[in-house]
Amino acid sequence: MQTLAGTEAKTAAVAGKEDLTRNDLLARVWISVTYHPEAPAFRMLDEKPMSYAELWRRSGVLAQHLMDIRQDTVPVIVLGGKSPEMLCSILACLRSGHAYVPVNISMPSSRVQMMVEELKGACGSAPTILVAAGHAEAAAAGHSEEGALWACDILAASDIPAEPALIPGETERWVSGEATQYIIFTSGSTGRPKGIEVTENDVRHFMQWLETFPAIRERCQTFMDQAPYSFDLSEFELVGALSTGGCLYALSSDATTDFRKLFQEFADSHMDVWVSTPPFADMCLADPSFKETLLPDLKLFLFCGDTLTPRTAKALRRRFPHAIVANTYGPTESTVAVTYCEIDDEMLASGEALPVGYARPGTELQIRRITEPDDPLGEKLPAGQSGEVVIIGDTVAKDYLGLPEKTAAAFFDTTLSDGRPARAFRTGDIGHLDEDGMLHYEGRMGSLIKLNGFRIELGDVENHLAALKGVKMAAVVPVSRHGRISSLKAFVVLDHKGAPEAETPHAIRNRLAETLPSYMIPKSVKVLDEMPLTTNAKIDRRQLAQA
């Protein structure tokens, strides 16, 4: 399916004598290279911007090297952080016919080797590791993978073309259609990483929806590039920017621990589109200077990956009155996100948890009756009733790499209401649709626990905690004793230091008792200065459970 603007597509295709319709993301990048070669594609503070022309020329060198050493289509692990080399390496994989497997440089080497083993077992051949970081940076992070390719060495030893061009016949190698475009590894229940295969078609359909968003549809916008590329949230900015001639403004790895540097990067970015989890925004809101005067060009906040609370949305709308605050929802298995809604005054005035949006075109949502996570799906439930969220649509991932039993348990083939065949995915999330078809997320089935015979959704307790005056963030974890859950433990971050009497742990438990039954009240409440976050900027519940 050709989705490029007719004149530009024809002109670019004739110029290169290549079929650009095979990979829509690469085609969009090539059109920017053709028409706006000097436009910036990637920027960082105090670093020379990388233009679209340079991105294409350097990724072409890496792509040719991959073509020369591998004629198969085994995925390539791309190990790095935020850098021009990382972006060039990702494009090089797609241009040479390989899915890319983004792995953050902070990942332990032993974990990377687990991914190598999973890929080798599924594909029959060990994957190439392409290191998109300098030797010193990799060594400092504990990486010296034997036999790895180093992007910096390949580029230093090669003659970079003076002008961007298509490698003769390269589009025949482009990742296309139902071929896997990228694999995101997530934690698995067995303790080994689990790979999710997302196809080029999935990304194509996601991209066509993304380019209709406010600000993004204006094209050539600057996107905040904060989430690690190993976290699929990053596809929002990666696809959003590169498909519309925009620019990625990457935050440095140490910026989140150095507010002075972080806010210096914010001021330098002139970003138009913000993409992050809500906890990252909460962290920034702790500083009073995080407001419109710091980011005067900001038009859109895009949130995904964690719960957006009314408190956070209100604060953002107050400090950035001219920016849209948008909530989205979607697991990695459905290509980043499948719903969208803009938070308005009516939603905030309701006093209820914020909705996560309406389904994108090409996606249908069902709420199915379910008792336990591993039970077969029950009947489809009407509006207002809660059950497991099932996603049906043209961005549902292909499978779990090399795990046919897990794939069969979570994915199945079905049809959309118009009869088109589609994949479906059991999310393991609890939610309901309202009368208008808006999805309301209620928590993970995995966080549905039993305590003394009572079924408790941890997200329910967290929402009530977060609604208390003075509480900025909240998390609840179960406490196990002798192999069973014996109590709940809560952690909160307050709006301010020096809590008054009403915000002490004892008072918080008493206030919770006003809205929750006694069996849902955490046995202990601990006040933290800040909530621990994972590298993906989500609340680190594992660390809390060990506290």
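This note goes through aromatic pairs, charges over rings, strand pairing, salt bridges and one leucine in a predicted model.

1. Aromatic pairs. The model has 20 aromatic pairs. In one of them, the ring centres of phenylalanine 213 and tyrosine 340 are 4.6 Å apart and the planes meet at 40°, so the pair is tilted. Phenylalanine 213 belongs to the loop between α8 (200–210) and β9 (222–225), while tyrosine 340 is in strand β14 (residues 339–342), so the contact ties together parts that are 127 residues apart in sequence. Phenylalanine 213 and tyrosine 340 are both buried.

2. An edge-to-face pair. Phenylalanine 290 and phenylalanine 320 pair edge-to-face, with 5.1 Å from centre to centre and 65° between the planes. Phenylalanine 290 is in the loop between α11 (278–285) and β12 (300–303), and phenylalanine 320 is in the loop between α12 (310–319) and β13 (324–329), so this pair ties together parts that are 30 residues apart in sequence. Phenylalanine 290 has 0% relative accessibility and counts as buried; phenylalanine 320, at 1%, also counts as buried.

3. The aromatic cluster. Phenylalanine 290 and phenylalanine 320 belong to one aromatic cluster, whose other members are Phe259, Phe263, Phe266, Trp274, Phe280, Phe301 and Phe303.

4. Charges over rings. Lysine 82 places its charged end over the ring of tyrosine 229, at 3.7 Å from the ring centre. Arginine 95 lies over the face of tryptophan 56, and here the distance to the ring centre is 3.8 Å.

5. Strand β1. Strand β1 (residues 40–43) pairs with strand β2 (residues 50–51) in the antiparallel sense over two bridges, and proline 40 stands opposite serine 51. The two strands form a hairpin with six residues between them, and aspartate 46 in the turn has a positive phi of about 65°. β1 also pairs with strand β10 (residues 247–250), in the parallel sense and over two bridges. In that pairing, arginine 43 has tyrosine 249 as its bridge partner.

6. Salt bridges. There are 22 salt bridges. One of them joins glutamate 211 and arginine 28, with 2.8 Å from N to O. Glutamate 211 is in the loop between α8 and β9 and arginine 28 is in helix α2 (residues 24–35), so the bridge ties together parts that are 183 residues apart in sequence. Glutamate 211 is partly exposed at 25% relative accessibility, whereas arginine 28 is buried at 8%.

7. Arginine 423 and glutamate 178 form a salt bridge whose closest N and O atoms are 2.8 Å apart. The bridge links distant parts of the chain: arginine 423 is in strand β20 (residues 421–433) and glutamate 178 is in the loop between α7 (151–156) and β7 (180–186), 245 residues apart. Arginine 423 is buried, with a relative accessible area of 18%, and glutamate 178 is partly exposed at 38%. Elsewhere, shared partners join Asp24, Arg28 and Glu211 into one network of salt bridges.

8. Leucine 451. Leucine 451 is in strand β22 (residues 448–451) and, at 6% relative accessibility, counts as buried. Beyond its neighbours up to four places away in sequence, leucine 451 touches Ile456, Ile485, Ser486, Ser487, Leu488 and Tyr519. Its C-alpha atom is 15 Å from that of leucine 516, which is 65 residues away along the chain.

Note on methods: Residues numbered from 1 in each chain as written. Predicted model: local features only at pLDDT ≥ 70, side-chain atom pairs only at ≥ 80, totals over all residues. Heavy atoms only, no water. Phe/Tyr/Trp six-rings, centres within 6.5 Å; stacked < 30°, edge-to-face > 60°. Helix = DSSP H or I, 4+ residues; strand = E, 2+ residues; numbered from the N terminus. Buried < 20%, exposed > 50% of the residue type's maximum accessible area, 1.4 Å probe, protein only. Lys NZ or Arg CZ within 6 Å of the ring centre and 35° of its normal. Contact = heavy atoms within 4.5 Å. Pairing = 2+ DSSP bridges. Salt bridge = Lys/Arg side-chain N within 4 Å of Asp/Glu carboxyl O.
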